[in-house]
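Thanks for making the time this morning.

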Amino acid sequence: MFSQKALVCSVILFCLILQIYSSPYKITDQIYMSIKIDENYVGQIVFGLFGEVVPRTVRNFKHIALHGINGKGYNGTNFLAAIRRVMILGGDIVYNNGSGSLSIYGPSFDDENFEITHDSNGLLAMANFGVPNSNGCMFFITTLSTPWLNGNNVVFGKLLKGHDVVHKIEYLKTDYNDKIVQNVQIIECGEIVTTPFYDDHKNYELSFWSWIKAGWFPLSWSFAILGFFHYFIRKLDVLEYEKLE
């Protein structure tokens, strides 16, 4: 009985320690994107970029967003795919269908490092073609922790604002290949002049609905169940002790 209680308490304590001691991200740059779905403007998303950890990757993303390459930039391109509770993907400036690759370093460039892991929703990472060193222009935004991508995709930023927009895109109708059926277009990109600052290690939604969609409700419900059983076990212990007396 004691070991079960100790296990529950240890799990909760471990989660709290992880939250407290997770190092914050240093944000060096901010890029915004304005989004419309079909003909309806739905809002703006703002990325904080990790220019000290992955400077080459950040430089590529910023240049495409602000200047483009040979007239090709993120303006006018679409978010192409969405997998619920995993990610949304976009950024193909070549063909706008998920098959193109282009960077300021050539058709593709090497993985810079995997120092930052996919341990939260709202992380910005490079999409590749399933093999090492195949980064180009495409990117994705996580909508839940995706640890199976660690060591495969380079994380270079995080979502600072626009979680509601991301979740709206995430829950659009898709076909059997996870391609978004509606037209989700980036209509404007720009830079927010930034003095480097630190931001929380993980993204936590203030919106109750976003919290549910991101999967935190099931986790919280699990802890509630554990708490109930812990209380129930304590009551049984008291009854058992009274019987012994």
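Predicted model: local features only at pLDDT ≥ 70, side-chain atom pairs only at ≥ 80, totals over all residues.

**A buried strand and its partners**

Let me begin with strand β2 (residues 29-37), where nine of the nine residues are buried, so the strand is largely enclosed by the rest of the structure. Buried here means under 20% relative accessible area, with exposed over 50% and partly exposed in between, using a 1.4 Å probe and protein chains only; helices (H or I, at least four residues) and strands (E, at least two) are DSSP runs, numbered from the N terminus. Residues are numbered from 1 along each chain as its sequence is written, and side-chain values use heavy atoms, with hydrogens and water left out.

Asp29, Ile31, Met33, Ile35 and Ile37 point one way from β2, whereas Gln30, Tyr32, Ser34 and Lys36 point the other way, and all are buried.

Which strands pair with β2? Taking pairing to require at least two DSSP bridges between two strands, β2 runs antiparallel to β3 (residues 40-49) over nine bridges, with Leu49 as the bridge partner of Asp29, and antiparallel to β9 (residues 184-192) over eight bridges, where Cys189 is the bridge partner of Met33.

Turning to the helix, six of the eight residues of α3 (residues 163-170) are buried, among them His163 and Glu170.

Finally, Cys189 is buried at 12% relative accessible area and Cys137 at 0%; counting cysteine sulfur pairs within 2.5 Å as disulfides, the total is zero.
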